[in-house]
Amino acid sequence: MKVVVCTKQTPSTTAVFSIKNGIVSWDDPGGKPNVVNPWDEYAIEEGIRLKENHGASDVIALAIGGEESKEALKTALAMGCTGAILVSDDAFAGSDAVGSARIWAAAINKIGDAKIVIFGKLTIDDNMGVAAMMTARKLGWTPLTFVSAIKSISADSITVERLLDDGKETVTAPLPVVISVVKEINEPRYPSFMGIRKANRAEIPVWKAADLSVNGGTGAAASKVDWSHIFAIPPRVGSVEMIEGDSIAEQVKILVDKLFEEKVI
Amino acid sequence: MLDFSLTDEQQSAALMVRQFVEQEVAPTIKEYDRRQEMNPAVLPRMAELGILGINIPVRYGGQGFDYVTLGLVCEELERCDSTLRVVMSVHMGLNSMGVLQWGTEEQKQRFLVPQARGEKYAAFCLTEPGAGSDVASIRSTAKKDGDSYIINGEKMWISLATKAHHFLWFAKTNPDTGSAGITAFMVTADLPGVTSGDIHGKLGVRAGSTGWVNCQDVRVPAANRIGEEGEGFKIAMSCLDNGRYTVAAGATGLIRASLEASLKYAQQRHTFGQPIASYQLVQQKLAYMQQWYDNARLLYLRAGWMKNQGLRNTRETSMAKWYATDHSFQAANEAIQIHGAYGYSDEYDVERYLRNSRGAIIYEGTSEIHQLMQAGYLLGTRQDKPLRCELPAYDPDFWQEEM
Ligand SMILES: Cc1cc2nc3c(=O)[nH]c(=O)nc-3n(C[C@H](O)[C@H](O)[C@H](O)COP(=O)(O)OP(=O)(O)OC[C@H]3O[C@@H](n4cnc5c(N)ncnc54)[C@H](O)[C@@H]3O)c2cc1C
Ligand SMILES: Cc1cc2nc3c(=O)[nH]c(=O)nc-3n(C[C@H](O)[C@H](O)[C@H](O)COP(=O)(O)OP(=O)(O)OC[C@H]3O[C@@H](n4cnc5c(N)ncnc54)[C@H](O)[C@@H]3O)c2cc1C
């Protein structure tokens, strides 16, 4: 059983988002390099666990992006993925979510034989959270989103727990599936030292547009999403009030009264 | 050829350690420091992640990285808390690397392999209640008795005293002489007659274990003798070349921690309607901290590079240790100054940095001892002679080969 984990290189969580003259910048005061999209770490971890606990033969990390995305793939390899592939072509630059889903689907088809594809819940840079669903649609597979646990896997089906706004739901679907995972699913491991060394030696293959049979339009020209007007939402202004009281119980009582007053509870 | 670049491997290893300390140690370090206890998860996690064997060859249970990576790892550890780096100084620098350098193949299998895997923790027992800087005056004795030695003595100020399984113990096999009578032994904590305890009320490294270890008529197999009889002083000094390297790298991390905290605070704190970072007197402090950091880092990386090359680095390591520890104290002191009264309280980390920085100016050679050493080299009264066993140069093929 092959597993494909789709990942993206993103700014780190400490980066500060700003826009100047319509150009987005992610300055990082901590000077941290770009990282694997934090949500994807859960996806990578789950992929590796499928190998460790459910006999997956290969766990392949897949990324679409520039050469720099190899860093994210190296992290995936250092954590324990068995292989990594970068899809990179100028023709793909500026793809919108649907265009990207077409590329994901084509790459997954080229890998062949995959039974489970895993995405993180969303990426922290564009925050759309649609990649798993759209890719499933393009592949014609079942999407299972917001997965918080993989309960069981048989030769032809998978049972997962999904974390929804109003509770949890256990569902079974025939394989192959595309799943997106939430952070409740696991605790991602750090890259291991041995993994780091192997990852830095690994030759990561780069697939170009010509290597894939992408079905439908990709790249900026085919993008239906218009990025012509980008602006930052003004920060929310609030005020902080320290609650004084002789005991914790008294402070809590004052807090509860206030929350009632403000109709929060 | 001069090359200041680090490899991707070295940088990724440092980043991994940074992630570990930020996620697993930083959130609770203040609490353990206040309670004067070591977080019980720290050693097992450092073992599990491979940190305790980072630069030991894979064939001896380690991770196969080079000596420079050891330095980078120590910098990241001490940027969070000095106690983590102290672990590396004694377990790796002062003990494991000593076995790598001086141990027989059989001793490497018996001691180094479990230490590098983190199954056993290792410590270094040189200092005694009556002898610190003056190593030649130690009183502990080892008397040959058939196939064993009977060891007696008391060691003081021993890091990991109550945690370690393996003590590299220095005793006199010939009590009538000075340094030439000292011999090194691996004393295991399970031997009858070995007792230990922690010291409380220390100024710093409160989230670590520092204590005493006693040997009363402890029968140690002769197979546990490291090196020859009378070679103990040389062994201790070459272990210190490695321990001091980790201290230097760690102190560099402490400078960075002080600088990072100061930079953040100086941009947030306002006086007279301006962030204090806008005042030249504050800027000067920040600029000095950066200077100290750059210098300390260059000095330890040079020593690490020399180790990789297999070059003797006693003088360079001593310089790095002296400079980095003195300036980590100054940096922490300035960081407190920038934080004003808040820096004086344990609400912020900088007071802990100051307390933690202080010990490193005393252990592994006081600053005065390092000054004497530097002057000795200058005046020609001190010279490094070749050793019977040198620290092996880093050979990636040998280090990384999986057996
Ligand atoms: C937190 C901590 C952890 C430690 N961990 C270990 C450990 O794991 N293993 C271990 O063996 N030891 C350890 N030590 C002990 C440490 O190595 C000694 O404290 C150190 O060597 C100094 O010895 P001393 O304290 O006896 O001071 P002394 O040697 O008594 O020195 C006192 C003062 O006199 C000065 N002085 C001494 N001789 C001269 C001279 N010739 N010229 C000028 N000045 C001189 C010194 O610089 C110092 O200022 C630790 C110490 C501390 C504080
Ligand atoms: C133990 C203790 C006891 C105290 N007791 C009392 C007390 O009894 N009564 C009382 O009223 N206060 C007391 N204080 C408070 C003390 O007076 C203040 O901490 C002090 O005035 C500094 O103010 P601050 O801490 O707000 O630092 P800040 O004023 O915020 O200064 C922070 C840093 O910025 C620097 N800085 C600020 N402005 C400039 C500038 N223009 N140019 C260059 N550098 C600048 C400062 O030198 C400092 O390094 C006490 C403090 C301590 C630590």
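## Domains 1 and 3 of chain B

A salt bridge here is a side-chain nitrogen of Lys or Arg within 4 Å of a carboxyl oxygen of Asp or Glu. By that rule, 8 salt bridges link domain 1 of chain B and domain 3 of chain B. One to look up in this predicted model joins the side chains of Arg34(B) and Asp346(B), with 2.8 Å from N to O.

Which elements give two or more residues to the side of domain 1 that touches domain 3? They are helix H2 (29-35), helix H4 (67-80) and helix H5 (82-102) of chain B. The largest share comes from H5(B), with 12 residues. Sorted by class, this side of domain 1 of chain B has 18 nonpolar, 8 polar and 12 charged residues.

## How the chain is divided

Let's step back to chain B as a whole. Its domain assignment gives domain 1 (8-121), domain 2 (123-233) and domain 3 (236-399). If you take the C-alpha centres of domain 1 of chain B and domain 3 of chain B, they lie 19 Å apart. The contact takes 38 residues from domain 1 of chain B and 45 residues from domain 3 of chain B.

How much area is buried between domain 1 of chain B and domain 3 of chain B? It comes to about 3400 Å², and carbon and sulfur atoms give 52% of that. On the domain 1 side, Tyr67(B), Glu75(B) and Gln101(B) supply 22% of the area buried against domain 3 of chain B, more than any other three residues.

## Where chain B meets chain A

Now for the contact with the other chain. Chain B and chain A bury about 1600 Å² between them, with 57% of it on carbon and sulfur atoms. Chain B puts 24 residues into the contact and chain A puts in 12 residues.

Across this interface the rule finds 2 salt bridges. In one salt bridge, the side chains of Asp8(B) and Lys74(A) meet at 3.5 Å, N to O. There are also 6 residue pairs in polar contact between chain B and chain A, both at pLDDT 80 or more. Helix H1 (residues 8-25) of chain B gives the most to the side of chain B that touches chain A, namely 12 residues. By class, that side of chain B has 9 nonpolar, 8 polar and 7 charged residues.

## Around ligand 1

There are 17 residues around ligand 1. Which of them come nearest? Those are Phe124(B), Thr127(B), Ser133(B), Trp157(B) and Thr366(B).

A polar side-chain atom of Ser133(B) sits 2.6 Å from an oxygen atom of ligand 1, and a backbone N or O atom of Gly132(B) lies 3.5 Å from an oxygen atom of ligand 1. Ser159(B) has a side-chain N or O atom 2.9 Å from a nitrogen atom of ligand 1.

## Around ligand 2

The residues around ligand 2 include Phe272(B), Ile276(B), Tyr279(B), Leu281(B), Val282(B) and Tyr344(B). Also among them are Arg269(B), Thr271(B) and Ala341(B).

Those last names come with distances. An N or O atom in the side chain of Arg269(B) is 2.6 Å from an oxygen atom of ligand 2. For Thr271(B), a polar side-chain atom lies 2.9 Å from a nitrogen atom of ligand 2. Ala341(B) uses its backbone instead: a polar atom there is 2.7 Å from an oxygen atom of ligand 2.

Definitions and conventions
Residues are numbered from 1 along each chain as its sequence is written. Chains are lettered from A and ligands numbered from 1 in the order in which they are written. This is a predicted model: local features need pLDDT of at least 70, side-chain atom pairs count only at pLDDT 80 or more; totals for chains, interfaces and linings use all residues. Side-chain values use heavy atoms; hydrogens and water are left out. Domain bounds come from an automatic or database domain assignment. Contact means heavy atoms within 4.5 Å. Buried area is the accessible area (1.4 Å probe) that two parts lose on being put together, summed over both. Helices (H or I, at least four residues) and strands (E, at least two) are DSSP runs, numbered from the N terminus. Ala, Val, Leu, Ile, Met, Phe, Trp, Tyr, Cys and Pro count as nonpolar, Asp, Glu, Lys and Arg as charged, and the others, Gly among them, as polar. A polar contact is a pair of N or O atoms within 3.5 Å; within protein, one must be able to donate a hydrogen and the other to accept it, and residues adjacent in sequence count only if both atoms are side-chain atoms. A residue is near a molecule or strand if one of its heavy atoms lies within 4 Å of it.
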